[in-house]
Amino acid sequence: MITRIVWMQFRPEAVNAFLALFHERAPRIRSFPGCHHLALWRDRAQPHVMCTYSLWESEAALEAYRHAELFRDTWAQTKPLFAARPRAWSFDTVWPTEASLDYPIYFGQAAPQLEQLLGQHAPSSVAVLVDTHTALYCYPHIRSVLPADHLLIRIPAGETHKQLDTCQYIWSQMLQAQLDRQALLINLGGGVIGDMGGFCAHCWKRGIRFVQVPTTLLAQVDASTGGKLGVDFMDVKNIIGAFGDPLAVVIDTTFLRTLPPAQLRSGFAEVVKHALIADAEHWQQLIQLPTLDAADWTQIVPHSLAIKRQIVAADPYERGLRKALNFGHTIGHAIESAALHTTESLLHGEAIAIGMICESWLSAKKAGLPDDELQAITHFLLRIFGCYPLNNLPIADLLALMANDKKNEGQGVNFSLLPHIGAVEINHTATPEEIQDSLAYYMETCRQQDTAKPH
Ligand SMILES: NC(=O)c1ccc[n+]([C@@H]2O[C@H](COP(=O)([O-])OP(=O)(O)OC[C@H]3O[C@@H](n4cnc5c(N)ncnc54)[C@H](O)[C@@H]3O)[C@@H](O)[C@H]2O)c1
Ligand SMILES: [Zn+2]
């Protein structure tokens with residue numbers, strides 16, 4: 001599958017002419033042989049800046065389209081409307097060809113991939129960072145390909161240990177083992193291990209090489225790419241950190257077999273998010289799943305990760321488009337933080353699933369998401385995630401948490417919303433009343449469905 005992103009800047013007075021042309025042509029382009037998806041990504045704060053996002057069966061299909069009369073005519077009509085020369089990127093399935101992310105991602109069995117990487121890069125020594133669970137479930141699968149004298153650093157599992165004290169422990173182990181600048185660290189675990197291990201490697205002697213081996217679904221489709229490393233500090237998440245790329249990412253979906261179901265479901269929220277913002281066809285496949293046990297992760301993970309990578313590649317410095325990834329997260333993060341202080345704990349993805357339902361409601365109200373799509377999203381997410389008693393959370397505190405979000409610029413709370421499934425518009429704003437109504441929609445739908453949270 002080939003993804004094509006075209007970034008366009010129009011003369012302000014030409015915006016409506018382009019939108020009319022796009023709405024007239026899009027159905028014809030979507031039914032062109034080999035075209036799987038076409039969507040327009042828009043930035044509400046800069047209405048004259050837009051991206052088209054399309055998916056093609058193959059390079060040949062895209063080439064055929066670019067030689068077709070339909071393309072030539074559409075292009076000829078669009079050209080006079082531009083204010084700047086458009087920029088375009090094409091990516092094959094997973095590897096962006098012109099991306100700023102130039103480290104490879106390998107799929108398949110971790111042990112042989114690691115053996116090959118170690119042979120190729122010949123580090124002076126190898127350290128492996130694990131937590132109590134990945135020491136038990138994942139480390140035995142790669143141990144045989146590591147040098148006999150490798151350093152195993154084991155830390156307690158869980159977000160509460162993603163902090164500077166643990167980094168100190170990791171660095172003290174590295175010091176004792178006298179790791180030099182040619183050493184290599186393998187981060188074997190979920191997002192906590194990847195973020196913190198990457199950060200420790202990034203700082204050790206001003207940076208040693210590290211390989212991410214994500215073992216949770218969340219880490220495989222999200223945390224292991226994008227270059228963000230770091231730890232929490234004084235109860236603020238990810239506040240100390242850096243951008244840094246791994247030498248490689250090795251993704252082995254067989255690790256997911258030992259993952260607790262709640263953790264699997266949590267990571268699945270990001271998979272759903274990626275489909276909703278960029279890939280209507282993938283969404284159609286996901287909603288066919290009777291349960292997560294039936295999922296073929298070897299298909300789903302590369303596909304979902306590709307979407308994240310493409311968005312990061314199109315906006316490596318987080319200037320705009322990357323905000324698309326915030327869908328579900330504005331309300332979701334606030335719910336996640338508020339739930340920390342209650343007895344009903346919520347995992348990240350569980351909170352994001354609620355956030356996606358509320359933000360889909362906002363999408364219907366403000367971005368034109370059709371009602372049947374809102375119903376489909378709500379129904380599917382409630383089927384997988386069940387209902388959570390939001391009325392136990394103080395709504396006023398929730399709204400205050402959202403208003404304080406660092407992503408807000410100026411008035412109102414910033415949202416990335418869906419005009420339809422498979423497309424996203426960044427920089428929408430909503431008022432506290434609208435947000436409250438979206439939470440009420442979630443609670444009311446739950447009350448009608450009377451679905452209990454699965455355990
Ligand atoms: N860097 C980024 O861009 C980015 C993006 C999203 C999330 N994150 C970060 O990721 C973290 C959350 O990641 P997570 O959900 O993977 O959490 P996690 O690393 O805490 O893993 C969740 C739990 O699963 C266990 N586990 C991991 N792999 C297992 C396996 N194969 N079998 C059995 N148990 C296993 C872990 O020990 C842990 O108890 C957060 O700190 C978040 O900030 C980072
Ligand atoms: Zn997330």
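**Notes on the fold**

1. An open sheet of six strands, with mixed pairing, runs in the order β4-β1-β3-β2-β14-β13. Its edge strands, each pairing on one side only, are β4 (87-91) and β13 (413-417). From one strand to the next the twist averages 25 degrees, with axes fitted to C-alpha atoms and angles running from 0 to 180 degrees between N-to-C directions. Strands here are DSSP runs (E, at least two residues) numbered from the N terminus, and two of them pair if DSSP finds at least two bridges between them.

2. This is a predicted model, in which local features need pLDDT of at least 70, side-chain atom pairs count only at pLDDT 80 or more, and totals for chains, interfaces and linings use all residues. Residues are numbered from 1 along each chain as its sequence is written, and chains are lettered from A and ligands numbered from 1 in the order in which they are written.

3. Within the sheet, β2 (residues 35-43) and β14 (residues 425-430) run parallel and are joined by two bridges. R42 stands opposite E425 of β14.

4. Do look at the hairpin of β10 and β11, which has two residues between the strands. M234 in the turn has a positive phi of about 45 degrees. β10 (residues 228-233) and β11 (residues 236-243) pair in the antiparallel sense over five bridges, and G230 faces G241 in β11.

5. Overall, the C-alpha trace of the protein spans about 65 × 55 × 40 Å along its principal axes. Buried residues (20 or more other C-beta atoms, placed from the backbone, within 10 Å of their own) make up 43% of the 455 residues.

How values were computed:
Helices (H or I, at least four residues) and strands (E, at least two) are DSSP runs, numbered from the N terminus. A residue is buried if 20 or more other C-beta atoms lie within 10 Å of its own, exposed if 12 or fewer, and partly exposed in between; C-beta atoms are placed from the backbone.
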